[in-house]
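Thanks for coming, everyone. Let me put the structure up, and then we will walk through it.

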Amino acid sequence: MTTFVDRVELHVAAGSGGHGCASVHREKFKPLGGPDGGNGGRGGDVTLVVDQSVTTLIDYHHHPHRKATNGKPGEGGNRSGKDGTDLVLLVPDGTVVMDSRGNVLADLVGHGTTFIAGQGGRGGLGNAALASARRKAPGFALLGVPGQSRDLVLELKTVADVALVGYPSAGKSSLISVLSAAKPKIADYPFTTLVPNLGVVTAGSTVFTVADVPGLIPGASEGRGLGLEFLRHVERCSVLVHVLDTATLESDRDPLSDLDIIEAELRAYGGLEDRPRVVVLNKVDIPDGQDLADMVRPDLEARGYRVFEVSAVAHKGLNELSYALGGIVAEARAAQPVQEATRIVIRPKAVDDSGFTVTAEEGLYRVRGEKPERWVRQTDFANDEAVGYLADRLARLGVEEELVKAGAREGDEVVIGPEDDAVVFDWEPSVAAGAEMLGRRGEDHRFDTPRPAAQRRKDRDAERDDAQEQFEGFDPFES
Ligand SMILES: Nc1nc2c(ncn2[C@@H]2O[C@H](COP(=O)(O)OP(=O)(O)OP(=O)(O)O)[C@@H](O)[C@H]2O)c(=O)[nH]1
Ligand SMILES: [Mg+2]
């Protein structure tokens, strides 16, 4: 069976950052070389990019798992690891990106519009970059951060000016094929069209697109036939064209009741009330069809519709129809603000990464925040020095202070991260409360003269650590 592919689940995994390298420079007769471990490379992003030559999401239906490559680890001799390669996934114009709960993340309209679906992880700093006056030869490096993984749903809403709606076999695809250069599949059985066809029509100076969507039947809005699967496609159109079959062989159908049923389905779907409508009576090349068209025309006009009698097969009435549609489209465009949507890059909302929170929960203290959580992921817990560095960073950010304020005591359980992905510590405060007030042994503060050199060294260290954090926080995508 053919699957109607305008909605696919897509699982993206951005590349992870490469680990930083901890290495010490070695040279003959120079036993005490400095740290020379390079930084890990950045993981590749997964991006969705609108490309006009792509018309369906079918590729993603067949291959729903997409992964960008990881950054390479840093190496000795100050060699940085190579960045992972970004994975670019081409999607059709009008693709809507949602999370797995159905929340819309982005609406991709216009050739070149880009959405960062998964952000690659940062590479870890090598021990060369971590060296400071205080840590002359760090025996550790930072780990690369895992790439972002996300489950997405992509949905295609055809971006067309005109939508043809109607019963199966009314001749919608036939009409597109004669109005434009499109060559859709046409056959005399219902539901020939399973994915919308798109045609480009030129009427004088107006160029517009026409989409035909799979045939509608009673109950479509509740999911009968292809149901909602296709109604999505007409949401953006500025004109709806009812294609009515004047020559159907089904005895219980006629153009007026067909129209009522389709209108009822559109109403049940909702959101299309304000769209102008036009009626096309098709198949008037058949004598009975022409008679029926003559009969129903006054009724339709009395309801306020502009009515066009056409034959897709005999190419009758097509010029009038395309010029009339072109006129309505031009009017609708003039009434709308210009859509400037090309080459926009949509990023996931920037998180406020400066803050953190400490909350006392039952039997534990939980720390949440972009930085503390990332720092934990960057830490090699098998390495005491790395753990010490983490403790320093947390203290500098003020996490320890907040823990003290929240009532934490040495030995209490401290949890960093969300419930399902956290690291648990028995807390050992690195700075005993008040310790910084004490002078060196044997000194009395009351006789203190400031020790400028020591202070300068301390300031320089703090500056250097800030610079490292900034370097590490460097986001190549930020402008
Ligand atoms: N005689 C005649 N036959 C037509 C005309 N237009 C379409 N047909 C025939 O009607 C049948 C259905 O045409 P399609 O264009 O596939 O109809 P559709 O509305 O796209 O149908 P679905 O895709 O199933 O919803 C085909 O056998 C066409 O040849 C017409 O103007 N005159
Ligand atoms: Mg069709």
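Start with asparagine 78, which sits in the loop between β3 (65–67) and β4 (87–91). A word on those labels: helices (H or I, at least four residues) and strands (E, at least two) are DSSP runs, numbered from the N terminus. This is a predicted model, in which local features need pLDDT of at least 70, side-chain atom pairs count only at pLDDT 80 or more, and totals for chains, interfaces and linings use all residues. Residues are numbered from 1 along each chain as its sequence is written, while chains are lettered from A and ligands numbered from 1 in the order in which they are written.

Asparagine 78 is not a glycine, yet its phi is positive, about 60°. Most residues other than glycine have a negative phi. Asparagine 78 counts as partly exposed because it has 18 C-beta neighbours inside 10 Å. The cut-offs: buried takes 20 or more other C-beta atoms within 10 Å of a residue's own, exposed takes 12 or fewer, and partly exposed lies in between, with C-beta atoms placed from the backbone.

Histidine 315 also has a positive phi without being a glycine, about 55°. Look for histidine 315 in the loop between β14 (306–309) and α7 (318–335). Is histidine 315 buried or exposed? It counts as exposed, because it has 11 C-beta neighbours inside 10 Å.

Now the whole chain. The protein chain has 11 helices and 19 strands. It runs to 479 residues, and 37% of them count as buried. Take the contacts with a separation of 6 or more: 72% of them join residues 24 or more positions apart. Contact here means C-beta atoms, placed from the backbone, within 7 Å.

Next, the inside. The largest nonpolar core has 42 residues. Such a core is a set of buried Ala, Val, Leu, Ile, Met, Phe, Trp, Tyr and Cys residues joined through C-beta atoms within 7 Å. Among those with the most contacts inside it are Leu164, Val210 and Val243. Apart from it lies another core, of 23 residues, including Leu130 and Leu390.

Zoom in on valine 210, in strand β11 (residues 206–212). Valine 210 is buried, because 27 other C-beta atoms lie within 10 Å. Beyond four places in sequence, its contacts include Ala160, Leu164, Ile176 and Val201.

On to ligand 1. Which residues come nearest to it? Of the 25 around it, they are Gly171, Ser173, Asp188, Thr193 and Gly215. Being around it means a C-beta atom, placed from the backbone, within 6 Å. Helix α3 (residues 172–179) gives the largest share of this shell, 3 residues.

Last stop, helix α9, residues 384–397. This helix has 14 residues and reaches 20 Å from its first C-alpha to its last, close to the 20 Å expected at 1.5 Å a residue. That expected span is 1.5 Å times one less than the number of residues. Its buried residues are Ala386, Tyr389, Leu390 and Leu394. Seen down the axis of α9, they fall within an arc of 135°, so they line one face of the helix. The arc is that of the directions from the helix axis to the C-beta atoms. The cover over the buried residues of α9 includes α8 (370–377) and α10 (399–406). After α9 comes glycine 398, with a positive phi near 100°.

Key: Two residues are in contact if their C-beta atoms, placed from the backbone, lie within 7 Å.
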